[in-house]
Amino acid sequence: MNITTREKASVSRQVRLTPSRYRNPIGKYKIIRSSACIGCGKCAELCPYGVHERLGESGKMIRPKDYRCHGFDCSGNDYFCIDKCPVNALSIKVNPTYNGLGDFRWTNDMLISTWDQAENGRIVNSSLESYIGNSGGGFDKLRFRFPDNPDKIIDKSQVDMSLKLNRRNDDKETYDIKIDVPWYGGGMSFGSISENTMEAKARVASAWNTFTCTGEGGYPQILYPYDDHVITQVATGLFGVMEETIARVKFVEFKYAQGAKPGLGGHLLGDKNTPDVARMRQAVVGTSLFSPFPFHSVYSIEDHKKHVDWIKSINPKALISAKVSTPSDVDMVAVGCYYAGVNIVHIDGSYGGTGAAPNIAKKNIAMPIEYAIPKVHEFLMNEGIRDNITLIASGGIRNAQDIAKAIALGADGCVIGTSELVALECIRCGNCESGRGCARGIATTDGELKKKIDLEYATQRLINLYNSYYNQIVDILVRLGLSSIAELRGRTDLMYHIDYSNDVAVV
Amino acid sequence: MPEKYHIDIREAEPRFTPVGKYSIIDMYEQCARGCRNCVKRKCVYDIHKHHESFIRDMKGPVTFLNECMNCLSCVQDCTRGALTRVVNPEFRWLGSGTWSPDQIINIWKQASTGKIPVSGAGYGGPFSGKGFDSMWTDMSEIVRPTRDGIHGREYISTSVDVGAKLPNLMFDPSGGLMVDPPPMIELPVPFVIQQPEFGDVSIKTLTAMAIAARRLNTLLVISTEYIRDELLDYADVIAPRIKGVDIDSCSEFIKKARMVEVANVEDVSILIEKVKAINENVVVSIRHKLNLDSEDHIVEMVLKGAEVIHLIADLNGEIIDGGHIKDSFRRIHTRLVDENLRDRTTLMASGGIAMAEHMAKIIICGADVVSLGMPFMVGMECRMCMNCENGMECPVDMANIPAEYGATRITNLAAAWRNQLLEVLGAMGIREVRRLRGEFGRAMFMEDLERETFGRLFGGKEVAR
């Protein structure tokens with residue numbers, strides 16, 4: 001095996017202000033400055049959010065940066081620009097583009113809040129609902145029950161957020177890796193997302209000492225400097241799976257199924273199979289590439305063990321994860337994966353993201369992750385193997401509170417994908433596959449469109465988002481009186497569901 | 001294996017500009033004019049270019065009205081911020097009841113292209129909902145139904161049987177059949193077409209449906225008051241729907257028919273006898289409007305030898321006295337299984353089936369076959385505006401639809417729905433739609449998951465919402 005080594009990259013996790021790459025960022029409100037404005041600069045002096053800016057000392061007012069506006073929440077304040085303008089030149093309304101943005105799961109508020117976090121590294125615009133979507137079930141109906149005075153006073157800086165990936169006591173040979181945050185990045189293949197997006201995901205994984213995943217599409221050279229933070233995926237089409245790439249990483253993931261299209265294969269259209277993609281996938285340019293369902297070599301847990309042994313014979317120290325979907329027997333599948341020797345079971349719920357999937361599959365096939373996590377967690381407990389395996393949940397994890405809720409339901413950690421793309425200003429229009437691909441340059445291989453994403457920008461937006469998530473989860477733990485993320489696992493007693501009356505008053 | 005069933009797809013562009021979901025509003029007074037950086041030129045989907053060409057030639061197609069893909073690139077990049085994206089108000093008026101505007105637009109697209117709806121990003125709808133939205137279908141992690149994919153040479157069958165079945169066969173000592181099996185129709189798709197309950201239905205519309213029924217090798221159910229002699233050419237696929245005395249007006253059709261539908265009148269057995277007297281090989285289906293206590297009545301009907309029972313809910317899938325068709329079917333199917341009668345009869349479902357997934361779900365709940373009217377009307381561009389019901393003009397001139405064109409739209413939609421059914425069956429590892437019938441175990445019901453998970457974890461009673 002000839003492993004090309006490259007210098008390992010080192011990326012700082014420092015937060016830096018990274019505004020939108022668009023000229024007109026989308027906010028919830030629109031501030032209109034009429035021609036009555038006399039340019040006195042009063043609003044710029046007053047507004048603490050930086051909505052109003054003036055060019056120079058006595059210069060003209062520039063167009064309001066209304067995406068920063070806190071809107072009607074601000075109306076009681078003595079700095080409310082609308083009331084304080086001496087000539088009544090300012091007016092405020094809800095941005096018409098805000099209506100119709102987002103959907104039931106990712107509401108317009110949640111999208112804008114994620115952009116806010118990616119820009120600032122924390123939640124600045126507190127007027128937005130960052131955590132609760134409008135789906136009317138699952139995470140959107142679960143709330144944490146924060147005590148007025150937690151039992152233990154925890155120092156924020158002492159909270160242990162690390163996640164141990166190898167918990168098997170019969171497997172001392174495999175890497176004993178702890179990641180600094182209880183989540184890692186989801187698999188997105190070379191060919192489905194642009195190179196800069198892919199590299200930015202790897203850079204943030206390296207900055208925060210966690211992982212990102214190649215998806216099924218090979219291991220491009222741009223990822224070599226981040227080898228220690230890359231998961232290489234072995235999926236049903238075996239595209240781009242080579243001994244060399246298996247050997248160069250510390251973590252290998254089998255994709256048995258994907259939450260967004262459980263039980264369905266993938267299909268890369270011939271047009272998308274450009275020379276670069278074809279080279280990476282070891283295929284002929286311009287042919288349609290089918291990724292079948294399921295692994296045609298796996299009919300049983302014994303077959304699955306054979307797969308694990310195959311990877312272990314190439315890379316004996318590699319962590320092995322099995323990514324499965326959430327059918328009604330997902331608990332049995334998870335136990336089977338454990339006995340076949342994997343370190344991590346990754347359950348991907350049915351509302352997860354994808355580059356393209358039939359709508360009928362996204363909506364209907366397999367159960368939402370909120371039901372699957374407790375089911376698997378408890379089954380593994382009863383089997384007596386819960387502490388020997390890492391349970392990772394994904395598919396519908398949208399924000400920091402969702403991560404904490406998933407862990408409280410019984411997962412050890414999460415995988416996030418869509419929220420990373422939203423940080424890069426994805427608006428979830430769902431047109432990743434149509435025409436030339438993503439019009440916003442995130443999920444495309446089109447030469448012109450992919451230039452819309454700058455590596456520096458993308459990396460920093462993701463670093464900011466991770467920082468924001470990290471601090472929010474630390475904050476949740478402190479408020480609950482917990483000193484580590486591991487203590488939160490399975491603590492459903494710290495939550496309530498707004499449809500059920502337990503001993504807690506519905507807030 | 002026998003020859004594979006295949007539905008031909010042909011592109012059928014809409015006759016009328018479809019209603020789009022999004023549009024861009026241009027605050028022209030804010031435009032800088034002469035700006036060399038105009039975002040309209042950079043639209044990935046060329047919508048603004050189509051707009052301009054329309055202004056130059058107003059006879060051209062108005063396609064830009066429904067093309068905006070909501071990428072917001074122009075809104076966000078315009079130098080002066082002069083553009084705004086809005087949701088088309090006309091879009092919100094589409095549909096009726098549980099038929100949402102998104103469903104209508106999706107049916108149109110499937111009828112135009114014959115392709116199944118595919119998109120990127122995760123599901124963005126509600127967590128669960130009423131009716132069909134409160135169930136999920138299952139999948140199998142390692143079982144695959146066929147060796148070369150769901151569209152391979154080794155195929156998944158979507159054929160169903162319509163008619164009564166004998167509980168057992170009997171043979172004489174020489175091996176000859178001693179019983180006389182009742183007539184049976186095998187349809188290659190688990191649905192028949194029915195003339196919709198409302199709409200500007202003309203002979204052209206019905207001919208379009210009849211051509212489609214013949215191409216699909218399925219049946220078209222038409223009420224007697226709509227039957228005309230012009231349709232005699234298609235009598236082999238037409239199943240007349242009769243109320244009683246009108247039987248004589250369509251005896252020519254009954255002679256050639258494979259199936260006849262009768263109303264569930266007081267003396268239905270006499271009516272069935274009359275039909276069988278005209279054509280003894282015809283399968284008779286009895287229409288029954290579902291209510292909350294249909295079960296006993298249906299058991300009785302099966303015991304009396306009902307060959308097909310067509311159970312009907314309203315357009316939104318609701319039954320008389322409230323409740324959803326899917327719950328009714330689960331109760332009825334279970335009852336018939338308990339009484340050891342299920343295989344003797346065929347249950348047909350109609351009402352509230354607006355998406356391909358609903359077809360799969362009602363089959364899981366116990367239907368053998370579904371009867372679809374409204375989806376195919378929408379496939380022929382109906383907007384469910386109800387103008388026809390109120391004596392106003394149909395915005396898509398349904399009565400004058402060219403029959404051949406209408407048939408293509410219907411077959412395209414049928415192909416897309418069948419392919420989606422194949423996706424669901426493939427994911428479950430099932431190779432035959434007959435085996436999907438009543439397979440509750442291959443579905444997950446929201447009330448069960450909720451009870452087993454959150455109900456158990458978060459205790460006690462559900463709070464009334």
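This is a predicted model: local features need pLDDT of at least 70, side-chain atom pairs count only at pLDDT 80 or more; totals for chains, interfaces and linings use all residues.
**Entry 1: chain B, overall form**

Along the principal axes, the C-alpha atoms of chain B fill a box of roughly 95 × 65 × 50 Å. I noted 13 helices and 15 strands in chain B; helices (H or I, at least four residues) and strands (E, at least two) are DSSP runs, numbered from the N terminus.

On conventions, I recorded that residues are numbered from 1 along each chain as its sequence is written, and that chains are lettered from A and ligands numbered from 1 in the order in which they are written. I also recorded that local features need pLDDT of at least 70, that side-chain atom pairs count only at pLDDT 80 or more, that totals for chains, interfaces and linings use all residues, and that side-chain values use heavy atoms, with hydrogens and water left out.

Buried residues make up 56% of chain B, where buried means under 20% relative accessible area, exposed over 50%, and partly exposed in between (1.4 Å probe, protein chains only). I read an accessible surface of about 20500 Å² for chain B, with 51% belonging to carbon and sulfur atoms; the areas come from the Shrake-Rupley method with a 1.4 Å probe, and for residues only the protein chains shown count as cover. Of the contacts in chain B with a separation of 6 or more, 70% are between residues 24 or more positions apart; a contact means heavy atoms within 4.5 Å.

**Entry 2: strand β7 of chain B**

I followed strand β7 (residues 191-194) of chain B, where B:Phe191 and B:Ile193 point one way and B:Val192 and B:Gln194 the other way, and all are buried. β7(B) runs parallel to strand β14 (residues 369-372) of chain B, joined by three bridges; two strands pair if DSSP finds at least two bridges between them. B:Val192 has B:Ser371 as its bridge partner in β14(B). Strand β8 (residues 220-223) of chain B also pairs with β7(B) in the parallel sense, over two bridges, and there B:Val221 stands opposite B:Gln194.

**Entry 3: chain A, overall form and sheet**

I counted 13 helices and 17 strands in chain A. Its radius of gyration is 24 Å, close to the 23 Å of the globule rule for 507 residues, so chain A is as compact as a globular protein of that length. I found 63% of the residues of chain A to be buried.

I traced an open sheet of eight strands in chain A, with parallel pairing and the order β6-β16-β15-β13-β12-β9-β8-β7. β6 (183-185) and β7 (212-213) of chain A stand at the edges with a single partner strand each, so one side of each is left without a neighbour in the sheet. Within chain A, strands β9 (residues 251-255) and β12 (residues 319-324) run parallel and are joined by five bridges; A:Lys255 has A:Lys323 as its bridge partner in β12(A).

**Entry 4: A:Ala44**

I located A:Ala44 in helix α1 (residues 42-46) of chain A. A:Ala44 is partly exposed, with a relative accessible area of 26%. Leaving out residues up to four places away in sequence, A:Ala44 touches A:His52 and A:Met61.

How values were computed:
The radius of gyration is taken over C-alpha atoms; the globule rule is 2.2 Å times the number of residues to the power 0.38.
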